[in-house]
Structures are given as C-alpha cells and as structure tokens.
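Me: I would like to work through a structure with you, and to learn how each feature should be read before we turn to the case at hand.

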Amino acid sequence: MDRVVLVRYGELGLKGKNRPFFEQKLMDHMRRATAELGRPWIRKTYGRFFVTFREGQADPGRLDQVIGRLQRVFGIVGLSPAVRVPLDLDAIYRAAERVVTEHLAVLGRRDGEVPFKVRGHRANKQFPHTSMDLNRLVGAYLLRQVPGLKVDVHRPEIEVAVEVREDAAYCYSRDLPGPGGLPVGSSGRALLLLSGGIDSPVAGWMGLKRGLDLDAVHFHSFPFTSERSLEKVEDLCRVLATWSGGVTLHVVHFTEVQRAIQQAGPPELGITLMRRMMVRIAERIARREKLLALVTGESLGQVASQTLESIGVIEAVTALPVLRPLIGLDKAEIVRLAERIGTLDISNRPYEDCCALFVPRHPSTRPRSQAVEAAEAALDVEALVQGAVERTETLRPEPGPPA
Ligand code: ATP
Ligand code: MG
C-alpha cells in the first residue's frame, strides 16, 4: 500500500500548445516546494500529478507537511491524499477502509452515522469488476468493516473514489483546496514596489498567483526609518518566497532623494514628487533586471495619493505597465488575504515607513502635472535617479517564516 497525493490542476489544461510548458513549470515548483521533505517522487499521468512516497517514508505527519507545501504552489487547484494498491479486490478493500477510517478521524467524533458512497471508476477494462461492481462491493465491505457509516448516494459526506488504472488502483476521499492560479514564472517577471504596509505584499501575492515571478524593490530612508523597518520588509519577502520559491529584494537608499524633494518642492506636492521618483528608480531597476512591469499595492480612494488624478500623474513618468492587483478589493478583503498569506502580522509591526516622513498636513489630492513638473524643474532628476540606482543593495531573503 503506497501513499500518494493526487494533485489536480485547472486552467493549465486550457493552454493548448503551451500546456507542456505550464506543466513543466508546475512540476518544477512542486519539486522545489517539497525538496526538503525527502524528495518525494512526482510524475504526471491521466491529466494530473501523483506525488509518491515509499512505504515507511510517508508517515501521516510528513504527508501533511507535503500537502501544506503544495497548498502554496500556484497552479494547483485541489489535492487528495490517496492510497495506491495493486489491481486486486482485497487490496482495494483495505485501501478503501484505510481512506475512510482516516477521513472519519479528520471529521472527529460525531453523533449518528456519516453518510457515504463509493464512486468506482474502471478505466482499465481488463479488471474483472465493473465500476458498478466496485460501488456495490466496496460499499458493502465498508459498511461491514467500519462502524459509524451509512450509505447515502444522494448526499454523501464522504465520497470514496476508487479508480482502477492500468498499473494500480487508487483510493481517496478528501479533496483539499490548492491556491489555484498559474505557476509562478509562467506569465513573465515583474518588479513589486514593496513597502512595509499591508497592501503591497498582498498585491505581490496576487501577481504571483497569476503566474508572475517577482523581484521586490523597497525604498529605505535610513536614519529616518530604522533597521527594524528594513527587517520587516525582508520578512515580508521571506513569506512571499514561501509562495514563489524566492524573491530578490532591491533596497534603494532613498534619503538623499527625499531630502532633495523636501528642499525643492511645495510641501503639498511632496508625496507626489516622492512617488514619481520611486517609479522612475523602480523602472530603471526593472529594465536592468529585465522585468517587464511594475506592481503596486495601490487601490482607489484609500489615501490622498490614490485618486485617479494622482495615480495618473505618478504613472506618467514610466513607460512600463503598472499593475495594481488590489484595485478591485476593499480594505477588509485585503486584510483577510494578508492574514491567509501570512503577511498581516509582519505588516502590523509598528515601524515607520519612509512615506510617513515628510507628510504634509494637506497633501494635494488632485495634483496637476504642470505644477508637478514645475516643482521638479528645481531637481536634478536624472542625477538623483542614477545615484539612487547605484546605491541599491540586493538581498535574497531565504524562504521561511519571519526571523
Ligand atoms: P501599502 O499598504 O502597500 O504600504 P498604502 O495603502 O500605504 O500601501 P501608499 O502609501 O499610497 O498606499 O503606497 C502605495 C504603493 O506605493 C504601495 O502599495 C507600494 O506599492 C508603493 N510604496 C509605498 N511606499 C513604498 C516604499 N517605501 N518602498 C516601496 N514601495 C512603496
Ligand atoms: Mg504604505
């Protein structure tokens, strides 16, 4: 009796000629995500993946760990822990019994009987028992052997799949959700503007979910922002990396640029000027690293810099596409996602963000590009951008829980 995890993927199937490319990427990510857990064997058949363990290697703890890791691999829609046995009815009985017993344990103690049914599928026509036979025989066996069950083919709570294939029979009943989406890297590479706030890590996660591979850029204003605020951003990268495999972090030392802006501009345009500099520097880094878009955590209407006028004036300085995955979400939805992703507690740490400095009492919510350009005329934009890019440090935080 072998332990396997059956992995279903969704949208990948729609990709026509690209399908092998997507499947290979998905396979690579599954291998990467489970590498530390004894390198289980992964192969593809019948339009899904099977993750296999040798007997003895697959104690339930390890199985759960592997499933946990795979639940962070984009492209996977569902996962079922399964048992594989030779093509033999007695072996199938025992497999079904094990699957159901474990499923009942997961459901916990209950009053009354749990409704179940068997869904037999004989793909291998050499096998002497038909799908209908399997339903009947395995169902009757389970009723005899496992206490606490009753048959209900219309509303089963446990549906035991018995699939008879060429090489073996597979039994499973639980269907755990995967994250969906597309394998990281299958949609290209982009640069995430990552602050220490709640929004941008979630925006990054949504980009990863749609198959982007991300680098991150963070603007850091030491000594106005502390080392702790940089640690916070590194920790955010570590958590994002558990979803993607790795996030390269470019840290831009931004103090000089901020000082120049403070001296040059009218205070109410400070934020707009600062954002435009951020976007220019980010674009420069993106081009150097061959990244094709910028990703931000902007939403509409949250703060002064997130009016359409403001977004327009800020975006005007780059020719790269600027993706804003949060545009359709409410704050409460973003917070829920941050919690699920594992970034919320880190984002909630108190340390200053560089944007919190130099914040005027009355930021302009509808900056006009003429006024902004006039203010920028007092700055040596190119020298500031180039200097900041040159002073950028590159880090590669290890995937894992926050330090
Ligand atoms: P967040 O929660 O992501 O900080 P926010 O709601 O605070 O977003 P803003 O402060 O207007 O919104 O920032 C908008 C976006 O600009 C952020 O989501 C992020 O993508 C980018 N950004 C802001 N500050 C920084 C920074 N210090 N380094 C990198 N990117 C930043
Ligand atoms: Mg912020």
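Reply: Let us begin with a single residue, keeping in mind that this is a predicted model: N124 is found in the loop that runs between β5 (114-122) and α4 (131-145).

Me: Does N124 count as buried or exposed, and why?

Reply: A residue counts as buried when its relative accessible area is under 20%, and N124, at 4% relative accessibility, is therefore buried.

Me: How is the chain divided into domains, and where do they lie?

Reply: The division gives domain 1 (2-177) and domain 2 (189-395), whose centres, taken over C-alpha atoms, are separated by 44 Å.

Me: How should I read the interface between domain 1 and domain 2, and what area is buried there?

Reply: The size of an interface is often given as the accessible area lost when the parts come together. Here domain 1 and domain 2 bury about 720 Å² between them, with 50% of it on carbon and sulfur atoms. The side of domain 1 that touches domain 2 has one nonpolar, two polar and three charged residues, and these six residues of domain 1 are in contact with 10 residues of domain 2. Across this interface the rule finds zero salt bridges, while one residue pair is counted in polar contact.

How values were computed. Residues numbered from 1 in each chain as written. Chains lettered and ligands numbered in written order. Predicted model: local features only at pLDDT ≥ 70, side-chain atom pairs only at ≥ 80, totals over all residues. Heavy atoms only, no water. Domains from an automatic or database assignment. Contact = heavy atoms within 4.5 Å. Buried area = accessible area lost by both parts, 1.4 Å probe. Salt bridge = Lys/Arg side-chain N within 4 Å of Asp/Glu carboxyl O. Polar contact = N/O pair within 3.5 Å; in protein donor to acceptor, adjacent residues only side chain to side chain. Nonpolar A, V, L, I, M, F, W, Y, C, P; charged D, E, K, R; others polar. Helix = DSSP H or I, 4+ residues; strand = E, 2+ residues; numbered from the N terminus. Buried < 20%, exposed > 50% of the residue type's maximum accessible area, 1.4 Å probe, protein only.
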